[in-house]
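Reader: Hey, I've just opened this one and I'm new to it. Can you walk me through it?

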Amino acid sequence: RRQPRLSTRILGGMFQSFDKSKTKAQLKLAINRLSLLRNKKRSQVDILRRQIKELLEAGKVEQAQIKAEQVIREGDVADAYEMLSMQCDLMIARFQVVEREKELVEDVKESVLTIIWAAPRCSDVQELRAVRDQLVLKYSKKVIESFLKVENDDPQRQVCNVRIVNKLSYQRLEPADISKLLSSVAQQYGIEYKDELVPAEQVTGYIPAVPNASDFNRSDGGEGG
């Protein structure tokens with residue numbers, strides 16, 4: 001009696017393997033995308049700073065405070081994109097190591113783990129997601145999770161790029177950060193500004209700090225840091 005055939009899609013999923021050509025191509029595309037989005041976010045930061053100027057001139061400190069938080073977060077993401085682009089560049093430069101070594105060796109470990117960690121947090125860079133998927137095929141989900149678990153259990157043993165993790169992780173901003181940004185805008189445009197920040201909890205539109213999700217097993221729809 002003939003056995004029913006498995007669908008091509010199921011067979012493809014069962015026998016997927018690391019594709020070095022696809023990985024390299026997606027790394028190059030990711031660099032281009034990251035550069036484009038970084039420039040876009042920095043342009044947005046400039047627009048927000050001009051809006052803060054207008055709000056400070058009108059004495060609307062609360063609204064300026066909300067805009068200041070946006071500036072800081074957009075700036076952080078732009079910085080993270082620049083650093084991620086450098087990680088992709090580094091992986092391309094050391095791609096022979098990825099091809100040659102079966103294990104995740106020190107020469108590429110930080111780049112590999114950082115890209116895998118960051119990809120779900122950069123939903124507008126689908127190329128990073130494609131690279132992440134290929135790297136998981138190369139090194140296995142179990143191995144990747146074991147490395148990331150080390151960092152979760154002991155933050156002193158960093159396996160990902162620390163600066164990128166900090167820039168892409170949600171952290172409640174300190175009043176001093178907001179004040180510094182507002183003072184910077186005031187100085188840039190020659191506005192007299194007295195530091196009179198409203199407590200965050202009293203600001204309309206305030207969003208409290210939220211807990212972090214797990215680092216590896218994240219759904220596509222709700223990936224926060």
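Predicted model: local features only at pLDDT ≥ 70, side-chain atom pairs only at ≥ 80, totals over all residues.

Reader: OK, what does Asp124 touch, leaving aside its neighbours within four places in sequence?

Author: Asp124 is in contact with Arg33, Leu37, Lys41 and Tyr81, once those neighbours are set aside.

Reader: Let me zoom out. How many helices and strands does the protein have?

Author: There are 9 helices and 0 strands. Along the sequence, the pattern reads α-α-α-α-α-α-α-α-α.

Reader: What share of the residues count as buried?

Author: 39% of the 225 residues count as buried. As for contacts with a separation of 6 or more, 76% of them come from residues 24 or more positions apart.

Reader: Back to H5. How many residues does H5 have, and how far does it reach?

Author: H5 has 13 residues and spans 19 Å from first C-alpha to last, close to the expected 18 Å.

Reader: Why is H5 described as largely enclosed?

Author: Because 10 of its 13 residues are buried, H5 is largely enclosed by the rest of the structure. The buried ones include Val108, Lys109, Ser111, Val112 and Trp117.

Reader: New topic: salt bridges. How many does the structure hold?

Author: The structure holds 11 salt bridges. One of them joins Glu127 and Arg33, with the closest N and O atoms 2.9 Å apart. This pair links distant parts of the chain, with Glu127 in helix H6 and Arg33 in helix H2, 94 residues apart.

Reader: How accessible are Glu127 and Arg33?

Author: Glu127 is buried, at 10% relative accessibility, whereas Arg33 is partly exposed at 36%.

Reader: What about Lys41, which residue does its side chain meet in a salt bridge?

Author: Lys41 meets Glu74, at 3.4 Å from N to O. Lys41 is in helix H2 and Glu74 in helix H3, so the pair ties together parts that are 33 residues apart in sequence. Lys41 counts as buried at 17% relative accessibility, while Glu74 is partly exposed at 24%.

Reader: Which residues are linked in a network of salt bridges?

Author: That network links Arg42, Asp76, Asp79, Glu82 and Lys167. Within it, the side chains of Asp79 and Lys167 meet at 3.2 Å, N to O. They connect distant parts of the chain: Asp79 is in helix H3 and Lys167 in helix H8, 88 residues apart. Asp79 is partly exposed, with a relative accessible area of 26%, and Lys167 is partly exposed as well, with 24%.

Reader: Now the inside. Which residues have the most contacts in the largest nonpolar core?

Author: Those are Leu84, Val112 and Leu128, in a core of 38 residues. H2, H3, H4, H5, H6, H7 and H8 each supply at least two residues of this core.

Reader: What does Leu84 touch, not counting residues up to four places away?

Author: Leu84 touches Leu34, Thr114, Ala118, Cys122, Leu128, Ile164 and Leu168. Apart from that core lies another one of 17 residues, among them Val71, Ile72, Ile178 and Val185.

Reader: Last thing, aromatic rings. How many aromatic pairs are there?

Author: A search of the whole structure finds 1 aromatic pair.

Reader: And where does the charged end of Arg121 sit?

Author: Arg121 has its charged end over the ring of Trp117, 3.8 Å from the centre. Arg73, in turn, lies over the face of Tyr170, at 4.4 Å from the ring centre.

Conventions: Residues numbered from 1 in each chain as written. Heavy atoms only, no water. Helix = DSSP H or I, 4+ residues; strand = E, 2+ residues; numbered from the N terminus. Expected span 1.5 Å × (residues − 1). Buried < 20%, exposed > 50% of the residue type's maximum accessible area, 1.4 Å probe, protein only. Salt bridge = Lys/Arg side-chain N within 4 Å of Asp/Glu carboxyl O. Core = buried A, V, L, I, M, F, W, Y, C linked by side-chain atoms within 4.5 Å. Contact = heavy atoms within 4.5 Å. Phe/Tyr/Trp six-rings, centres within 6.5 Å; stacked < 30°, edge-to-face > 60°. Lys NZ or Arg CZ within 6 Å of the ring centre and 35° of its normal.
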